[in-house]
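Dear colleague,

Please find below the structure for your records. A summary of the findings comes after it.

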Amino acid sequence: MSRDDAASIEVFQDLTLFLGDCSPNEVRDAMADQAKAPWRHAPERELPNSQQSSPDFFAFEFDAQDGGPRIGLVLWKEPDQLRVTNVVPLEAGQLTISQYNHALQEFNTKIVSPVASRLGLQVVLTKDSETLTDWMSPETADLLRRFSSLANRSTGSSHPSDRARWMAFLIASHHENSLVTDRLKRWLIEVEKWHPEIAVELVIEYEFGLELLRNFDQHQG
């Protein structure tokens, strides 16, 4: 496996618990019973709106024992599942991706998975890192890698040869409609070590190019 094939960036994880034949309140009660320090159920944060007798979400809190931030976690009720939609510090500040994922993994290990096992439910926890081929086909990923490895890092896509390789990637990405700009910027900076200013310029070009191609397709149609 090459360095590019193995390279990945850290991403926020998602956690979903499918309810099966159980009711949301039944699962909530089971999770509340399962929660032991440093976790606790936080019913005082579950305020229903005026039309409902029960809240739209369930709240838990995590009080880190290692000096880390106190964290609040929310599971939103959907027709057939509970999904973690918010993991935030309870005091001022912002969680890093690592802190966010650590809290989510701990919640899954200590509370969600034991309850799911006991009730026969399915849990899905997404990956904590992704590679280029999580966002695009191997062929399009190769076009981006080729541009990045051969381009003049001080001029971005300005040189004609670099521009041709950049356009080939952009057109392929347009056909797949899969790569969001935040992922592209982070990959260029964190994995390929582009200077942030040049990476931002490339992302702006990427956004403009995709918008132009989408509009062209619409007018052709």
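The model is predicted, so local features need pLDDT of at least 70 and side-chain atom pairs count only at pLDDT 80 or more, whereas totals for chains, interfaces and linings use all residues. Residues are numbered from 1 along each chain as its sequence is written, and side-chain values use heavy atoms, with hydrogens and water left out.

Strands and helices

Helices (H or I, at least four residues) and strands (E, at least two) are DSSP runs, numbered from the N terminus. Two strands are taken as paired if DSSP finds at least two bridges between them. Buried denotes under 20% relative accessible area, exposed over 50%, and partly exposed the range in between (1.4 Å probe, protein chains only).

Strand β4 (residues 57-63) is mostly covered, with 6 of its 7 residues buried. On one side, β4 pairs with strand β3 (residues 39-41) in the antiparallel sense over 3 bridges, and Phe60 is the bridge partner of His41. Strand β5 (residues 70-78) also runs antiparallel to β4, joined by 7 bridges; here Ala59 stands opposite Val74. The hairpin of β4 and β5 has 6 residues between the strands, and Gly67 takes a positive phi near 85 degrees.

In helix α6 (residues 181-191), the buried residues are Leu184, Arg186, Trp187, Leu188 and Val191. Lys193, which follows α6, has a positive phi near 65 degrees.

Aromatic pairs

Rings of Phe, Tyr and Trp (its six-membered ring) pair if their centres lie within 6.5 Å; planes under 30 degrees apart count as stacked, over 60 as edge-to-face and the rest as tilted. The structure holds 9 such pairs. Phe12 and Tyr100 form an edge-to-face pair, because their ring centres are 4.9 Å apart and their planes stand at 75 degrees. This pair links distant parts of the chain, 88 residues apart: Phe12 is in the loop between β1 (9-10) and β2 (15-18), and Tyr100 is in helix α3 (residues 97-119). Phe12 is partly exposed at 44% relative accessibility, while Tyr100 is buried at 12%.

Trp39 and Phe107 give a tilted pair, with centres 5.1 Å apart and planes at 50 degrees. Trp39 belongs to strand β3 and Phe107 to helix α3, so the pair ties together parts 68 residues apart in sequence. Both Trp39 and Phe107 are buried. One aromatic cluster is formed by Phe147, Trp166, Phe169, Trp194 and Tyr206.

Salt bridges

With a salt bridge defined as a side-chain nitrogen of Lys or Arg within 4 Å of a carboxyl oxygen of Asp or Glu, the count comes to 16. Glu44 and Arg40 meet at 2.3 Å, N to O. Glu61 and Arg45 meet at 3.9 Å, N to O. Glu61 lies in strand β4 and Arg45 in the loop between β3 and β4, so this pair ties together parts 16 residues apart in sequence. Glu61 is buried at 9% relative accessibility, and Arg45 is partly exposed at 26%. Arg183 forms a salt bridge with Asp182, the closest N and O atoms being 3.9 Å apart. Salt bridges that share partners join Arg40, Glu44, Arg45, Glu61, Arg70 and Glu91 into one network.

Yours sincerely
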